[in-house]
Amino acid sequence: MAGRWKNDLNWSDVTPKAAWLNRRQLMAGAGALALGGIAGPALAKLNAAPSQYSTAEKPDSWEVVTTYNNYYEFGTGKEDPARNAHTLTTEGWQVEIDGLVDKPGTYTMDDILKGTSLEERIYRFRCVEAWSMVVPWVGFELSDLLNRVGVQSGAKYVAFETALRPDEMPGVNSRVLDWPYVEGLRLDEAMNPLTILATGVYDEPMPNQNGAPIRLIVPWKYGFKSIKSIVRITLTDTQPATSWNKANASEYGFYSNVNPEVSHPRWSQASERVIGGGLFAKRKPTLMLNGYGPQVADLYSGMDLKKNF
Ligand code: MTE
């Protein structure tokens, strides 16, 4: 994997030209305004630099990233979220952080972002389900937030919950999943620097269909672990339930690490369809842990990943 990681990317490498120019103009005008959480995510990103873990692969277009989505609260079709998610209201968003933490409470997006404004980074990560994309997320390490709220020594897992708003989410009237959407990570997975909370994509605030205003990204796991529109983060000593495991335990385990050697009962996971590859999209071999093995394989040493799928 040597050479896969690049730490010398510029904004212009991951940002469309027009947005790049806008940013420069904005920066020239923004001057003393920056920081302090005044304008939240938008200004915080002015300081963004690429994460050292960013892949050098070409990112998919804004168009692809924002129109081919999974967000079942807005329908099960890949184009449903882009069509329906405009009804989600994200103003005044709050995230409850509770369980085994020193500072439990209700945190506003400003509370969450204020402490991270200098650390916000671009994370150009590969995402894999049965298809793959490369997305330049804007976000910060989950560990940054967890360290600020103080993880207590008994905590072993982190549970996440998505908003459940029947009035705004047409898909939750269908019983396709047991709502609200929930996910979980082991604490050491949550603390790994590849695990981020994302608040934007390219240099825009997170589009609703991608999980506004704040969502998880765990690039070495299948896409469904990356829960969207988070309203609750709970530190716990017991393995949390996860939506897809509840829906079908034989097909979806807790770990859900990308593993070409473990087939989903109904399809092979040995290869993936490259989205944005045109009409006759190519397939390419799926890499163990989505290619992030050098960073995360240690988390699973001694574990049988065929059993712990
Ligand atoms: N989060 C919620 N709340 N609801 C969902 O249906 N779908 C998951 C994940 N997070 C989902 C979710 C799945 S299956 C995938 S592949 C990714 O979101 C897709 O993220 P993207 O649309 O930004 O590519």
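A polar contact is a pair of N or O atoms within 3.5 Å; within protein, one atom must be able to donate a hydrogen and the other to accept it. The model shown in these views is predicted.

**View 1. Asparagine 208 reaches the backbone of alanine 85.** The side chain of asparagine 208 comes to 2.8 Å from the backbone oxygen of alanine 85. Asparagine 208 belongs to the loop between strand 9 (204-205) and strand 10 (215-217). With a relative accessible area of 15%, asparagine 208 is buried, because buried means under 20%.

**View 2. Aspartate 80 and glutamine 209 are 129 residues apart in sequence.** In space, their C-alpha atoms are 8.7 Å apart. Aspartate 80 is part of helix 5 (residues 80-84). Its relative accessibility is 17%, so aspartate 80 counts as buried.

**View 3. The ligand sits in the largest pocket.** Around the ligand are 16 residues. Asn69, Tyr72, Glu73, Arg215 and Lys228 come nearest. By class, the shell holds six nonpolar, six polar and four charged residues.

**View 4. Asparagine 69, asparagine 70 and arginine 215 face polar atoms of the ligand.** An N or O atom in the side chain of asparagine 69 is 2.8 Å from a ligand oxygen. For arginine 215, a polar side-chain atom also lies 2.8 Å from an oxygen atom of the ligand. Asparagine 70 takes part through its backbone: one of its polar backbone atoms is 3.3 Å from a ligand nitrogen. Taken alone, the ligand exposes 540 Å², and the protein buries 95% of that.

**View 5. Helix 7 (residues 142-149) is largely enclosed by the rest of the structure.** Why is that said of helix 7? Six of its eight residues are buried. These are Leu142, Ser143, Asp144, Leu145, Leu146 and Val149. Just after helix 7, glycine 150 takes a positive phi of about 80 degrees.

**View 6. Glutamate 161 lies in strand 6 (residues 157-162).** At 25% relative accessibility, glutamate 161 counts as partly exposed. The C-alpha atom of glutamate 161 is 6.7 Å from that of isoleucine 233. Along the chain, glutamate 161 and isoleucine 233 are 72 residues apart.

**View 7. Glutamine 269 and tryptophan 267 are joined by a polar contact between side chains.** The distance is 3.0 Å. Glutamine 269 is in the loop between helix 9 (243-247) and strand 12 (271-274). It counts as buried, at 12% relative accessibility.

View 8. Proline 180 is in the loop between strand 6 and strand 7 (182-186). Proline 213 is placed in the loop between strand 9 and strand 10.

**View 9. Serine 256 and asparagine 290 have positive phi values without being glycines.** For serine 256, phi is near 55 degrees. Serine 256 is in the loop between helix 9 and strand 12. At 4% relative accessibility, serine 256 is buried. For asparagine 290, phi is about 55 degrees. Asparagine 290 lies between strand 13 (283-285) and helix 10 (293-296), in a loop. Its relative accessibility is 0%, so asparagine 290 is buried.

Methods: Residues numbered from 1 in each chain as written. Predicted model: local features only at pLDDT ≥ 70, side-chain atom pairs only at ≥ 80, totals over all residues. Heavy atoms only, no water. Near = heavy atom within 4 Å. Areas by Shrake-Rupley, 256 points an atom, 1.4 Å probe, with all protein chains shown as cover. 1 Å grid on protein atoms, 1.4 Å probe; cavity = no way out; pocket = protein on both sides within 12 Å on 5 of 7 lines; lining within 4 Å. Sits in = over half its atoms within 2 Å of the grid points. Nonpolar A, V, L, I, M, F, W, Y, C, P; charged D, E, K, R; others polar. Buried < 20%, exposed > 50% of the residue type's maximum accessible area, 1.4 Å probe, protein only. Helix = DSSP H or I, 4+ residues; strand = E, 2+ residues; numbered from the N terminus.
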